[in-house]
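This briefing is meant to be read beside the sequence and the structure. Please keep both in view while going through the topics below.

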Amino acid sequence: MAVIREFRPRDRQHRLPKDAKPRAVAAAPRRGSLSTAILDPAALGGLVEHLETERFFDHLHDLLNTVLHIDNLVAIVFRNMGSPLILHQKSPQEPNFFRMMYAQGAYLLDPFYLASKDERRAGIHRLKHLAPDRFVESEFYRSYYAKVSMIDEIGLLWPFDEDLTIHLSLGRRLGSERFNAREFAAFSHIAPLLTALLRRQVRGPVQTWLEPATFDGLAAASAPVIDIAQDWLRGFHATARETEIAALILQGHSNVSIGQALRISGETVKVHRKHLYAKLSISSQTELFLLFIDRIKQFSARARRA
């Protein structure tokens, strides 16, 4: 399937204006800034003391939250094929909703998960720089992001090995302000430190997760969106083009964006979309999403029986 746009690091990593660099280097850290707080020996010592314990992420959240208001903190290990390992989830919403909706298959449509599959994924990224043009109108957004009232997200992606990627997500919900440029730059500044700590923290859980005795039990959907769509839509006699379009619709691309990716016109996309919906006996993206989630559950059951 065509890629919707080339992965461009400049889209996903904050860059200060050229004329700001000399001042940033020369200036002392601002009192109360994220970089000042996390590099404070006492604050950092408290975090390191709980490294490789169950309390690590609680202390990380508390530390970050003192200088950078965070509503949600989620730590995940993505893998190229198969369900992610949920290391930590702290948010106001019901935890079971996250584990049932996101971890059991909806993660396949998460822009951060999709970015984790690119070899140039390392760094701090903003959701708005990763998401397709109609992401906020996608059923994944409505069914997950909107229900947890998320308004902004920044995240660290860092390779653990060739197959696994560490993801630390900081989120803000309705009632909070969006992350500003200073906060994003400060979080980017400490990324190397966070990466070193996270790599150490996840070693044990990852080793246990990948043991044969637990690997299959944790497996959910074991294929990317396009592969699941191909398996699912084959029975409805969908064409290869209709299958590609279905996968892109689910990810949050508009007809114009899909057309650009597949090098066809937006009007042609509309025709294929109409034919696809007719074959599935549906009339909306919501119904397409629900059918997709149901198919993921079948993939999960099949993987456990294999």
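Ser-281 is exposed, because its relative accessible area is 64%, where exposed means over 50%, buried under 20% and partly exposed in between, for a 1.4 Å probe and protein chains only. This serine belongs to the loop between α16 and α17 (285–305), and its phi is positive, at about 55°, although it is not a glycine. The model is predicted, so that local features need pLDDT of at least 70 and side-chain atom pairs count only at pLDDT 80 or more, while totals for chains, interfaces and linings use all residues. Residues are numbered from 1 along each chain as its sequence is written, and side-chain values use heavy atoms, with hydrogens and water left out.

**The chain overall**

- The protein chain has 17 helices and 5 strands, these being DSSP runs numbered from the N terminus, with helices (H or I) of at least four residues and strands (E) of at least two.
- Of the 306 residues of the protein chain, 51% count as buried.
- Among contacts (heavy atoms within 4.5 Å) in the protein chain between residues at least 6 apart in sequence, 70% join residues at least 24 apart.

**Another positive phi in a loop**

- Glu-52 also has a positive phi, near 65°, in a residue other than glycine, and this glutamate is found in the loop between α4 (41–49) and α5 (56–67).
- Glu-52 counts as partly exposed because its relative accessibility is 45%.

**Helix α14 and its packing against α16**

- Helix α14 (residues 240–251) packs with helix α16 (residues 266–280) at an angle of about 95°, and their axes are 9 Å apart; the axes are lines fitted to C-alpha atoms, for helices over the stretch in contact, and angles run from 0 to 180 degrees between N-to-C directions.
- The two helices α14 and α16 are therefore roughly perpendicular to each other, a term that covers 65 to 115 degrees, whereas angles under 35 degrees count as roughly parallel, over 145 as roughly antiparallel and the rest as oblique.
- From α14, the residues Arg-241, Glu-242, Ile-245, Ala-246 and Ile-249 meet Val-269, His-272, Arg-273, His-275, Leu-276, Tyr-277 and Lys-279 of α16.
- The residues of this contact of α14 with α16 divide into 6 nonpolar, 2 polar and 4 charged, where Ala, Val, Leu, Ile, Met, Phe, Trp, Tyr, Cys and Pro count as nonpolar, Asp, Glu, Lys and Arg as charged, and the others, Gly among them, as polar.
- Helix α14 is mostly covered, with 10 of its 12 residues buried, including Glu-242, Glu-244 and Gln-251 as well as Ile-245, Leu-248 and Ile-249.
- The 12 residues of α14 should span 16 Å at 1.5 Å a residue, which agrees with the 17 Å between its end C-alpha atoms; the expected span is 1.5 Å times one less than the number of residues.
- Just after α14, Gly-252 takes a positive phi of about 105°.

**Ser-169 in strand β5**

- Ser-169 has its place in strand β5 (residues 164–173), and this serine counts as buried because its relative accessibility is 6%.
- The side chains of Ser-169 and Glu-153 are joined by a polar contact of 2.6 Å, that is, a pair of N or O atoms within 3.5 Å, of which, within protein, one must be able to donate a hydrogen and the other to accept it, with residues adjacent in sequence counting only if both atoms are side-chain atoms.
- Not counting residues up to four places away in sequence, Ser-169 touches Asn-72, Leu-73, Val-74, Glu-153, Ile-154 and Gly-155.

**Asp-110 in a loop**

- Asp-110 lies in the loop between α6 (95–102) and α7 (111–116), and this aspartate is buried, with a relative accessible area of 3%.
- A polar atom of the Asp-110 side chain lies 3.0 Å from the backbone nitrogen of Phe-112.
- Residues up to four places away in sequence aside, Asp-110 touches Phe-78, Tyr-102, Phe-140 and Tyr-145.

**Leu-47 in helix α4**

- Leu-47 is found in helix α4 and is buried, with a relative accessible area of 2%.
- Leaving aside its neighbours within four places in sequence, Leu-47 is in contact with Phe-56, His-59, Leu-60, Leu-63 and Leu-197.
- Although Leu-47 and Leu-63 are 16 residues apart along the chain, their C-alpha atoms are separated by 8.0 Å.
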